[in-house]
Amino acid sequence: MTASHSDSLVVLFGATAGAYGAKLGSDERELILLVWQVVDLHSKKVGTLHKSLVKADNLELSDQCREVSGLAPEGLSKAEPLDRVLQQFSQLVASDLKLLGRSSYTLCTDGQLLIRQVLHPEASKKNFLLSDCFYSFYDLRKEFHTCYPNSAPVKDQTIKSMAEYIGLETDETEEDFGVWQVKTMVAIIFSMLSETCNCRFTDPETVKYKYETGPCSKSEAVDSETVIRARGLPWQSSDQDIARFFKGLNIAKGGVALCLNAQGRRNGEALVRFVNPEQRDLALERHKHHMGSRYIEVYKATGEEFLKIAGGTSNEVAQFLSKENQVIIRMRGLPFTATLEDVLGFLGPECPVTGGKEGLLFVKYPDGRPTGDAFVLFSCEEYAQNALKKHKEILGKRYIELFRSTAAEVQQVLNRYLSTPLIPTLPTPIIPVIPPPYTIAAGSIRDCVRLRGLPYTAGIDDILEFMGDATADIKPHGVHMVLNQQGRPSGDAFIQMKSSDRAFLVAQKCHKKMMKDRYVEVFQCSGEEMNFVLMGGTLNRSGLSPPPCLSPPAYAAFQTAAAVIPAEAALYQPQALLSTTRTPQASAAAPPTVTYYPAQAAQLYMNYTAYYPSPPVSPTTVGYIAAPPAAVAAAASATHTPMLPQPGALVRMQGLPYNTGMKEILSFFQGYQYAPDDYNGLIQLNDQARSVLQAPKEWVCL
C-alpha cells in the first residue's frame, strides 16, 4: 500500500473534559487526553504508543468524562498545558519516524471532531498556532466506508462497530481509556491494507489555513444546506473574527456576510456559507459557543438569504473586489466634497492603498451624489491597522469613522443606496370611509389571547395551524404579530377572539403546545392589555407598564404580510389601538378618523405589524395603502378632512440624545421657515406638543 500524501500515518485519539462520542467539542470543554501511535504504511510496522494527559484551565470534569475515561482532576493538575503537549507530540513523532526510516506522515483520527471541533477552536482561543500536520488528516470512518461500502453509514460508525464488522475480537476493559481505541484503530488500518481490500489512503481531509475573501454574484447558485445565520455578534466583529469563531471548518470563498440594519450599521448578525453540508452541520454544533464574553447563536439559513445580503450585480463593485486577499476598511462620515486625493492624503504614506486611486470606492446615490461612505483596500494587515488608528481623526471639518469591512458589506451598502429612490414621495391620501364592525379591541373584557415564545420564523399561517379548530372563532383582522424595534419578529402575537369564553378555551387548550421545535405559552388577556403591549408597553406578572409614548403619533406605520393577504389590505388608525387623553373641546375639534378599505380586501387574518411608537416612523415611509385617484377626488370634494402636506414638510431626526427636549430641537432648526398650522389638525398630538405648535416658533420637527 502506498500513499500519495505521506508514507506513514499517526493514529491519534483524544478526549475532552466534557461530552464524548458524537457530541465531542459541542460543549467547548478543553482537551485533557491525547493518545497516538505511528504506523508505517509500507512495512506495516508501528512505533511506540504514547499517552499524554493535558492540563486544562478548568479542571472540573463532567460525569460522562469521569465515567468513560476514569480520569480525575488530581492527575490532570500535574500535566502540561496543551501547547507544550503538542510540542512533545511533534518531537516524539519525529523520533519514531526516524527509527522506522520514514520522513513524512499524516494524521488519522476517528471521525473529524477531534481535529475540527476540539484542537483548532481551542488553539484559536488560546492564541497559539498549530503545526502544519493538523491541517491535513484522514477520517478513518470515511476510509473504512470506502473500503467496505456495505458497512454502516459514516455518521453511524464507531471504533467498536468497525472492529465488529471485520471480525476483530477486542476487549475494551483490558486496556486503559484511549489505549484501546488507538490499538483497535491500528488493527482496522492493517485490515484495510490487506491484499483482499487493497485500500489506499490518498485523499486526506483538509482544513483551510485562513479565510479567503471575494465577491459573490446574485446569479450564483448557493446550496441552502451550506448556510447558517450567526446571531449575537459584537458590533465591531469582522469577517476574520467570524472565521476565527468557526476555526477548523472550511468557509467558502467570500462566504461571510455581515448583516446591516436599516441605518446601514451592523446588527450583530451574519450569514456564513460553508463549502459543503457536512461543514455546515458541524457549525450548527457551535450554537451558543463564545466569542469573547458573548455567546453566539447559530441557526440554519437559506441560500436565498445569503444572496440577498452578499450578492451584487454592479460591475464597479465586482472590479473593486476582484483584487483578492485584500483587507477592506470602511470609511464613514466623509465630507460630501471629499475627493480621491483628499482620502489618500488623509490616510497618508504609512498605510498605502492597494492600486492607489483604484483601491478606493466611493458610495453614491443613483443620481451621483456622495453618501459620505467609502471603502478602501489594503494589501496587508499592518497597513489596515495603521489606517484604523486614524479612527475619528478630522478631514476637513468632520471626524471620520473607520471600521473593518467585508466584501458582502460592500455589496449591501451599494445595493442599499443604489435602490434608494431619487425623490421620496408621500403615499396617496387615505379616503374616509365607514369603519368595519371589527376594530382593534379596547376595554377590560378578556376576549384576547397572547402567544409568547413563538419561533422567529413563524408566520401567520403557522399560528392559524397552531390554533387548529379555534381559528373559526378569531375575529376578522384579529391576528397581530409583534415586531421589535429592528423590525424583526419578537416572538409575541395577539389574537382577538369572538368572546371571552372562546379566549379562555384557547388558552387552556393551546398553552405550552409545540410549534415547530418550541413550546408556546398562551395567556388570556383583555383588549386594553393587548393595546398596551402593541404600543410598546410591557405585560408581565408584576402587571402593566405603560408604553414609552402615552399619546401615540397618528402616523405609526402598519405593515402587512404579503404571503397572507392581497396587496390591498385594510388599515387601522392608531386611535383604535389606544385612545388618547383629550379634553372635550379638543376631541370635538379633532377631525374624524379615516380608513380606506379596498373592495378586494376580503382576507380575514391580515395584521403582521409593529406598533412600537418609539422611535416613530417617518411619514415618508408610512405603510398606508394608496387609494385610487378617482376615489381621492371624490373624497376631497365630499369632506374637509385635511390631507398630508407636500413632500419635505415633515422631517425625521435620528440619533438624538435621550435627554433632548423640544427647546433643543427648535433651537437646532433656528432660522428655518415654520410649518403651517394645518399640522395641528392633521396629526393627533398630545396637549404638550399642541401647545408648542401653537406658540411662536420658526420650525417644527415631527
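Visitor: Let me start with a single residue. Is R330 buried or exposed?
Guide: R330 is buried, with a relative accessible area of 4%. Please keep in mind that this is a predicted model.

Visitor: Okay, and which residue does R330 form a salt bridge with, with closest N and O atoms 2.5 Å apart?
Guide: That is D373. R330 lies in strand β14 and D373 in strand β16, which covers residues 370-378, so the pair ties together parts that are 43 residues apart in sequence. Both R330 and D373 are buried.

Visitor: What about E409, how far apart are the closest N and O atoms in its salt bridge with R330?
Guide: They are 2.9 Å apart. E409 lies in helix α14 (residues 407-418) and R330 in strand β14, so this pair ties together parts that are 79 residues apart in sequence. E409 counts as buried too, at 2% relative accessibility.

Visitor: Why can side chains pair up like that?
Guide: Because side chains of opposite charge can pair when their charged atoms come close.

Visitor: How many salt bridges does the structure hold?
Guide: It holds 31 salt bridges. One of them joins the side chains of E269 and R229, at 2.7 Å from N to O. E269 lies in strand β10 (residues 266-274) and R229 in strand β8 (residues 227-231), so that pair ties together parts that are 40 residues apart in sequence. Both E269 and R229 are buried.

Visitor: Back to β14 for a moment. Where does R332 sit?
Guide: R332 is in strand β14, which spans residues 327-332. R332 is buried, with a relative accessible area of 13%.

Visitor: And what is R332 in contact with, leaving aside its neighbours within four places in sequence?
Guide: Its contacts include G264, R265, Y399 and E401. D373 is also among them, and D373 is the bridge partner of R332 in β16.

Visitor: In which sense do β14 and β16 pair?
Guide: They pair in the antiparallel sense, over six bridges. On the subject of β16, strand β15 (residues 360-364) is joined to β16 by four bridges, and those two also run antiparallel. For example, L361 has F375 as its bridge partner in β16.

Visitor: What do β15 and β16 form, and how many residues are between them?
Guide: They form a hairpin with five residues between them. In the turn, G368 has a positive phi of about 95°.

Visitor: How many of the residues in β16 are buried?
Guide: Eight of its nine residues are buried, and β16 is mostly covered.

Visitor: Let's change topic. What is the strand order in the open sheet of six strands?
Guide: The order is β3-β2-β1-β4-β5-β6, with mixed pairing. The edge strands are β3 (50-53) and β6 (205-206), each of which pairs on one side only.

Visitor: How do β4 and β5 run, parallel or antiparallel?
Guide: Strand β4 (residues 106-109) and strand β5 (residues 136-139) run parallel, joined by three bridges. C108 has Y138 as its bridge partner in β5. Helix α3 (residues 82-100) packs on the sheet, and its direction makes about 10° with that of β2. Helix α5 (residues 140-147) packs on the sheet as well, touching β4, β5 and β6.

Visitor: And how do β1 and β4 pair?
Guide: In the parallel sense, over four bridges. There, V10 stands opposite L107 in β4, while F137 is the bridge partner of L107 in β5. The chain crosses from β4 through helix α4 (residues 113-125) to β5, and this β-α-β crossover is right-handed.

Visitor: Which residues point which way from β4?
Guide: T106 and C108 point one way, L107 and T109 the other way, and all are buried. For C108 the relative accessible area is 0%.

Visitor: Since you mention a cysteine, how many disulfides does the count come to?
Guide: The count comes to zero disulfides. C448, for instance, is in no disulfide, as the nearest cysteine sulfur, that of C525, is 5.2 Å away. C448 counts as buried, at 0% relative accessibility.

Key. Residues are numbered from 1 along each chain as its sequence is written. This is a predicted model: local features need pLDDT of at least 70, side-chain atom pairs count only at pLDDT 80 or more; totals for chains, interfaces and linings use all residues. Side-chain values use heavy atoms; hydrogens and water are left out. Buried means under 20% relative accessible area, exposed over 50%, partly exposed in between (1.4 Å probe, protein chains only). Contact means heavy atoms within 4.5 Å. A disulfide is a pair of cysteine sulfur atoms within 2.5 Å. A salt bridge is a side-chain nitrogen of Lys or Arg within 4 Å of a carboxyl oxygen of Asp or Glu. Two strands pair if DSSP finds at least two bridges between them. Axes are lines fitted to C-alpha atoms, for helices over the stretch in contact, and angles run from 0 to 180 degrees between N-to-C directions. A crossover is right-handed if, with the strands pointing away from the viewer, the path from the first strand over the helix to the second runs clockwise.
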